[in-house]
Amino acid sequence: MSKEKFITLVSTAVPMPIENIDTDQIIPARFLKATTREGFGENLFRDWRYNSDETPRNEFVLNDPTYSGKILVAGKNFGCGSSREHAAWSLYDHGFSVVISSFFADIFKNNALNNALLPIQVSDEFLKKIFAAIEKNPKTRLTVDLSQQNVVLEDGSSETFDINAYKKTCLLNGYDDIDYLLSLKDEIKHFELAH
Amino acid sequence: MQQQRTLFDKIWDAHIVRSSEGYPDALYIDRHFIHEVTSPQAFDGLRKRGISVFNPSRTTATADHNVPTKDQHLPIKEALSRHQVETLRKNCPEFGIELYDLGHPYQGIVHIIGPELGLTLPGMTIVCGDSHTSTHGAFGNIAFGIGTSEVEQVLATQCVLQYRPKTMLIEINGTLGNGVVAKDIILYIISKLSSSGATGYFVEYAGESIRNLSMEARMTICNMSIEMGARGGLIAPDETTFSYIKGRRFAPQGESFDRLVEQWRHLKSDEGAQYDEVLTFEASDIGPMITYGTNPGMGIKVTDRIPALADLKSSSEQTSLSKSLAYMGLEPGTSLLGKAVDYVFIGSCTNARIEDLRLVASMVKGKKKAANVEVWVVPGSKQVENQAREEGLDIIFEQAGFQLRQPGCSACLGMNEDKIPAGKYCISTSNRNFEGRQGPKSRTFLASPLSAAAAAITGKVTDVRELAGAALTSNN
């Protein structure tokens with residue numbers, strides 16, 4: 001089933017220099033009750049975005065009109081905790097296509113890749129550089145080139161990132177894992193019989 | 001050609017359907033568990049593709065995350081929760097999957113019922129759309145949590161695409177001290193490794209301290225592997241494992257069981273097998289543990305002080321600590337002993353097995369809870385609940401002023417009706433102390449069932465060893 005293809009992205013970015021952002025913060029469990037994949041963006045970072053009386057917390061970056069864009073830049077160990085794919089869905093639904101961090105939790109990384117949300121792991125130094133560039137100019141634009149596997153800042157500095165060749169092909173072409181696994185169905189049947 | 005292999009590698013290799021250069025391995029899955037929260041979108045995906053479930057007999061469903069723990073015979077009050085459980089009720093029969101629904105004698109938390117029904121066996125690959133699937137690794141299998149897209153993969157093909165993780169051996173040597181139980185071991189390990197220290201690894205736990213543990217205790221350890229970032233954790237099976245499995249409802253019986261045990265005896269890492277990382281800890285260094293912060297790596301021995309800002313090397317660690325402690329309403333460099341708590345939660349896939357309930361009962365028998373605390377005991381399954389009643393534990397809890405509820409994930413995750421109110425402190429036997437995990441603005445101290453029971457009696461954070469008359473067992 002084809003998904004949206006990932007092409008080169010040029011965008012401003014939203015900085016969130018907090019470490020260990022867990023999936024309970026990205027989307028709290030009480031908002032996991034829907035039975036479809038859509039609409040989770042509304043509750044992205046719900047308890048950081050809103051006070052208990054539902055009024056927005058102006059100091060939170062997603063409520064600050066200074067910052068916008070399709071790239072979220074976050075501190076290390078992003079996406080730890082619960083396996084809820086709703087975390088990836090809510091980021092994507094909100095409008096993010098890329099998350100940049102210096103370290104990702106495993107399950108989140110898989111979930112993101114399965115939903116055309118590109119997790120990009122950069123060095124601690126480059127992450128600091130990105131945060132500094134955004135701090136200096138909130139409208140600075142980052143260029144993410146998946147085919148070249150690099151992130152370029154406006155001052156020309158850049159860093160390449162790793163992505164598995166298979167996942168890269170999937171993202172560039174909008175393929176998903178089930179398409180591949182379904183093509184192995186006969187092999188799986190044979191394996192099961194012999195297993 | 002074969003080198004000495006780890007147990008992890010042996011099981012992984014035995015389940016590879018296709019391994020191609022540049023591709024993740026297509027791994028065959030022996031057992032798949034599903035629940036109401038992470039499965040509806042996967043079933044929808046199957047419908048959109050017009051395909052059926054590849055092998056429905058290998059998937060088992062239950063309702064646990066989003067269920068009330070009181071009056072389960074009545075319709076679920078909250079409309080969205082009811083709809084989600086009803087969606088599972090519709091999807092399971094439509095795709096031919098066995099469902100242990102509310103009220104069924106086998107219903108319960110997915111990671112509690114798998115082992116107790118004998119569905120979880122050594123040597124298997126096991127997945128579920130839940131990160132605590134690592135629990136099942138206690139039986140010597142590869143068990144890990146997956147996302148909903150992967151749930152759909154398993155339903156459609158009985159396989160998942162996965163990259164082989166690195167391997168880590170964690171050895172615990174020696175004998176545990178008084179009042180120290182499995183939960184303390186794993187909280188201690190996570191406090192040493194941090195909440196990301198094992199990311200990218202699959203852990204094997206070994207050593208004398210692990211060998212001496214019961215299956216329930218081993219499950220507690222493997223359960224929290226994910227809290228240091230590991231995809232899963234496993235323990236080589238032994239006589240303790242085999243005797244736990246023997247006679248379980250869906251476990252192989254008679255001669256076929258005996259034959260399997262003979263095969264299972266070979267499920268261990270070869271002498272000299274290489275791990276990517278090896279860590280060794282001494283049981284005597286471990287004490288009753290408690291967390292003070294907002295991730296499970298922020299734990300200390302209950303007799304230690306919360307770190308001071310000056311104890312931390314980097315400014316980012318200092319920022320994290322300040323942010324966590326501000327949320328928790330605590331001060332750096334202080335002790336938690338004597339800190340008043342408002343709630344005690346004994347439950348979750350980490351610590352809601354019959355042995356956990358027995359441990360709590362042995363501690364509180366003949367005592368009463370402190371006036372300032374509310375205590376919830378939530379059994380992990382209908383079978384645990386029934387057994388607790390048969391053993392008279394319900395009477396001990398009732399006399400102590402504890403509420404014995406019905407099975408479910410309850411206050412572990414702030415999703416169903418059981419939530420800790422804003423600003424309140426809960427000492428909890430669950431697995432996560434993230435901000436708002438037990439309810440918006442709730443504050444969680446993770447601890448063992450023994451420490452939670454002690455706090456229930458005193459109404460404050462307590463060193464369980466100080467509580468006179470404590471029945472401190474050593475194999476949990």
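Start by selecting B:Ile97, B:Ile170, B:Ile172, B:Ile189, B:Tyr205 and B:Met228, the residues with the most contacts inside the largest nonpolar core, which has 92 residues. A nonpolar core here is a set of buried Ala, Val, Leu, Ile, Met, Phe, Trp, Tyr and Cys residues joined through side-chain atoms within 4.5 Å. Buried means under 20% relative accessible area, exposed over 50%, and partly exposed in between, with a 1.4 Å probe and protein chains only. Now select helix α6 of chain B, residues 182–193, which contributes the largest share of this core, eight residues. A second, separate core has 86 residues; among them are A:Phe108, B:Ile300, B:Leu357 and B:Ile457.

The model is predicted: local features need pLDDT of at least 70, side-chain atom pairs count only at pLDDT 80 or more, and totals for chains, interfaces and linings use all residues. Residues are numbered from 1 along each chain as its sequence is written, chains are lettered from A and ligands numbered from 1 in the order in which they are written, and side-chain values use heavy atoms, with hydrogens and water left out. The predictor gives the complex an ipTM of 0.96 and a pTM of 0.97. For chain B the mean pLDDT (the predictor's confidence in each residue, from 0 to 100) is 96, and 98% of its residues reach 70 or more.

Next, select helix α8 of chain B, residues 215–223. Nine of its nine residues are buried, so this helix is largely enclosed by the rest of the structure. The buried residues include B:Glu216, B:Arg218 and B:Asn223. Helices (H or I, at least four residues) and strands (E, at least two) are DSSP runs, numbered from the N terminus.

Move to chain A and select strand β3, residues 71–74. A:Ile71 and A:Val73 point one way and A:Leu72 and A:Ala74 the other, and all are buried. In a regular strand the side chains alternate between the two faces of the sheet. Strand β2(A), residues 13–16, runs parallel to β3(A) and is joined to it by four bridges; strands pair if DSSP finds at least two bridges between them. The bridge partner of A:Ala13 in β3(A) is A:Ile71. Three bridges join β3(A) to the parallel strand β4(A), residues 98–101, where A:Val98 is the partner of A:Ile71. From β3(A) the chain crosses through helix α3(A), residues 86–94, to β4(A) in a right-handed β-α-β crossover. Right-handed means that, with the strands pointing away from the viewer, the path from the first strand over the helix to the second runs clockwise.

For the largest pocket, select A:Asp106, A:Lys109, A:Asn110, A:Leu113 and B:Tyr163, the closest to its centre of the 32 lining residues. The space in this pocket is about 850 Å³. Helix α4(A) gives the most to the lining, with four residues.

On a 1 Å grid over the protein atoms alone, a cavity is a set of points where a 1.4 Å probe fits but cannot get out; a pocket is an open set with protein on both sides within 12 Å along at least five of seven lines; lining residues have an atom within 4 Å of a point. Grid points are joined across faces, edges and corners, and a volume is the space filled by probe spheres set on the points.

Finish with the largest cavity, about 220 Å³. Of its 23 lining residues, B:His65, B:Asp130, B:His132, B:Leu413 and B:Arg437 lie nearest its centre.
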